[in-house]
Every structure is written in C-alpha cells, then in structure tokens.
Amino acid sequence: MDQLTVLVLNLIFILFSTFVFQYIIIKKIPSLYKKYSKLFVITLGGFQILFCMSFTVVGSPDFIFDLRLIPVVLGGLYGGPVVSTMLFIIVVVARIPFGGNGIWINFFNMLTISVLTAYLSNKFRSFPLTRKLLTVVTVALFYTILIFLMKATVFEELSNFAFMLLYALTLTGGIYIVTYYIEIMLQNRLLHNAVIKSDKIEVVSQLAASVSHEVRNPLTVTRGFLQMLKDPTIDEKKRLYYLNTAIDELDRAETIIKDYLNFAKPQSKMASSIFVKEEIEKALELIIPYANHFSVNVKKDLMAGMKISGEAAKFHQCILNIIKNGIEAMPNGGDLVISCREMANSHVSITIEDTGCGMSPQQLAKIGEPYFSTKAEKGTGLGMMVVNNIIQEMGGTMDVKSKLNEGTKFKITLPLYSTEKRET
C-alpha cells in the first residue's frame, strides 16, 4: 500500500472504533462505563495503537510512521494521567519488536507527549470546542516537528519533504476530525440527558398542582373530624371512629406525597430487573389525582409476574408521559385503559388507550419528532421524544394508532428479563 493509503486506513479504523465505542459502550451500558471509564478508554486506545502500528509507513530501516499519536493524545486528554501513562507503556512496548534506532526517538517523543497530555487533561475538559481543537492540532504539529527534527539531527537521516508534509497534514487533520467527532457525541449525550431532565421537571410541575389538590381532601376530612372531637358529649365509640378516620386520611395524604417525592427526587441510574405490573401501578398511583382533575376514569388490566430490564425511574416517566398525554386529550372526561400482557416471543406488550380527541394522519406521522406537539403553545414537543428514547434504550419498540375524535392507542413492546414461567 502507498503512504497515503496506509495513513488513511489508520484514520478510518480510529474513527470506526471510536464510533463503535460510543454507540455500544457509552450509549448501551452507561452505568458500566461510568464505573470503569478509564479501563474502557485504555482498552480502546490500546487497540487503536496496535492497529496503527500493524499498518505503517516505513520511512527508513530504523523508522516507521503511523497515526498512533491520535489515541495516545486523545486518551490522555480525555482520560487523565492514569490513562496517559498506560497508553505510553503500550506504545513503547509495541514499538520494541520493530527494532532500529527509532525505538529511542519513539520513547522520548511519546514520553514528552504523555507528560504534556497528562498535565493538560484536567484543563482540557473545561476548554470550549475551538480551544480543544486548537490544542490537539498544536500537539500534533509539535510531535511532527519533533520527530523529524530528531531524526535529522540525532541520526542524520533526512526525510522527503513531500512525505513530511503528507504526514503532518494527515496527522493534524485526523486528530482534528476525531476530536470534533468525540465532542459532537459528548454534546449529544448532554443534550439527551438535559431533555429528559427538563421534560421530567415539566411533568413534576404539572402533577404538583393535582397532587396538592388531592392532599387537601384528606386534610379537610381530618380537620373536620378533629373539630368534632372537641364536643365533650360524644360517646367513646364515636370518638374512636373519628380518631381512626382522621389517622387513615392522614396516612392517605402521606402516601400521595411520598409517591410524588419518589418520582421527583433524583434516582439511581443503575439498570435492574423490574416487575411490569408493580411499576405501572406505582405510576398510576401518582397520576390518579391528575386524572380525577380531568374527570378521566382510569382502568387497568395488568398481568402479574412479568419482569423487564431497565431503570424504574425512566420506566415510570415513560408510562406517566403517555398517560398524561391521554388524560389531557380528554378535557371533558373519558376512559383511559392500560393493560399489559406477555407475548409469545418472550416480550411484554403494554397498551395505553384513551377515548380522547385523537390525531390526524399528518400529526401521527410526526409524533416523537423534537418540538412537535398537538397542544399548541402549551406543549414543548419533547415528551414523546423522551418516551421514544427511553423505549429504545430498553430495547423495545412503540406503535401508535389514532383517529380524530376517536382516541389514541399506544402499544409498547419490551423484551422480558426472564423467560421463566410466570403466574397470571
């Protein structure tokens, strides 16, 4: 292969492996990545280094050229001193079998770069995008000048100017592209998390009003019975009844508040096995006051014993968003039915159906798109996008059917956590 082909092959592998890493490791198993992030970055950087050094440009009998600098620099800048040190060891050890005087230049140059990236790593992560790109390009140019200068002065081996220019352009352009790609992925992840958080805040704020209204009912009842207890003429049996009723109403108010706070407070992001029926019922307990406010009758038909894998808080949010939309589609009251059943293909089917205003085919085609809402100025258009993202993260699919003035039916299909036989 010619020189340009080898260097481009190096760059393509680095980009491809970075994409796979972002999609499989960071997106699919974020909790595991968060726990072992440095180990994952070292493993990725190590594979990229070994691949680059397997396809090299031979500059002379003692010197080889490739794009190994890119994983070394980016691994150190994003991973920190520990990652930088481990990648330095990998690249030095991997260079030894090639032999030649270039071993010592590789050792010195990589040591210089590793120390520099370890020093810059803490500051680098707080840099704006433009400064990050300028930093990595500067490091790549510095490395290029250093390696060719040492080759010429220490070992008196001059390199072809055309190759020097090709290597410098490929290395700086490559590290620029990879850094820009990583930053785009990081920004998309931050935006995704921000959208989920903002949508949850919106749901919480709207539920707060209905919850506060629902809490007033048991408090009003309790106050009434306590006032009646002031009457010294009531007999002991009635007194005991009034006290028990007041306590029961206070317990009901406490349950409503507790359910609301459990949804509103930050949740653990660790995925686990969750029981579908129980988690749906928890979500329903929270949404019932909101449904009562709209005179909506919520009916449920839930099969017991089915487990899925995911985060309970996100599953709650997904169910709450759909139910809340269904309730708001029935401002004059109606019926909302939620059911779940085990399917023959080791999946669970969750359906949520309302008798509301429905959607036109044009509206239905846009559901889940960012900032599209059927609620005009009252909707953000983010709720269904969040629902779609959560279902996809859990490995499921969602199908929506709707007709104007006839209602809407959501069908969510999720893989079961276990295929063991369940009770119904």
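**A conversation about cores, a helix and aromatic pairs**

Student: How many disulfides are found in the whole structure?

Tutor: A search of the whole structure finds zero disulfides. Please keep in mind that this is a predicted model.

Student: What is a disulfide, in general?

Tutor: A disulfide is a covalent bond between the sulfur atoms of two cysteines.

Student: And Cys52 and Cys340, are they buried or exposed?

Tutor: Cys52 is buried, at a relative accessible area of 0%. Cys340 is buried too, with a relative accessible area of 0%.

Student: Let us turn to the nonpolar cores. How many residues does the largest one have?

Tutor: The largest nonpolar core has 51 residues. Those with the most contacts inside this core are Phe65, Leu67, Leu69, Ile70, Tyr143, Tyr167 and Leu171.

Student: Which elements supply at least two residues each?

Tutor: Among them are helix 1 (3-28), helix 3 (37-54), strand 2 (63-65) and helix 8 (161-228). The largest share, eight residues, comes from helix 7.

Student: How many aromatic pairs does a search of the whole structure find?

Tutor: The search finds 14 aromatic pairs. One of the pairs is formed by Phe13 and Phe51, which are stacked at 3.8 Å centre to centre, with 15° between the planes.

Student: Where do Phe13 and Phe51 lie?

Tutor: Phe13 lies in helix 1 and Phe51 in helix 3, so the pair ties together parts that are 38 residues apart in sequence. Phe13 counts as partly exposed, at 23% relative accessibility.

Student: A new topic, then: helix 5. How many residues does helix 5 have?

Tutor: Helix 5 has 15 residues. From its first C-alpha to its last, helix 5 reaches 21 Å, close to the 21 Å expected at 1.5 Å a residue.

Student: Which residues in helix 5 are buried?

Tutor: They are Val83, Ser84, Leu87, Phe88, Val91, Val92, Ala94 and Arg95. Seen down the axis of helix 5, the buried residues fall within an arc of 165°, so they line one face of the helix.

Student: What covers the buried residues of helix 5?

Tutor: The cover includes helix 3, strand 2, helix 4 and helix 6.

Methods:
Residues numbered from 1 in each chain as written. Predicted model: local features only at pLDDT ≥ 70, side-chain atom pairs only at ≥ 80, totals over all residues. Heavy atoms only, no water. Disulfide = S-S within 2.5 Å. Buried < 20%, exposed > 50% of the residue type's maximum accessible area, 1.4 Å probe, protein only. Core = buried A, V, L, I, M, F, W, Y, C linked by side-chain atoms within 4.5 Å. Helix = DSSP H or I, 4+ residues; strand = E, 2+ residues; numbered from the N terminus. Expected span 1.5 Å × (residues − 1). Arc of directions from axis to C-beta. Contact = heavy atoms within 4.5 Å. Phe/Tyr/Trp six-rings, centres within 6.5 Å; stacked < 30°, edge-to-face > 60°.
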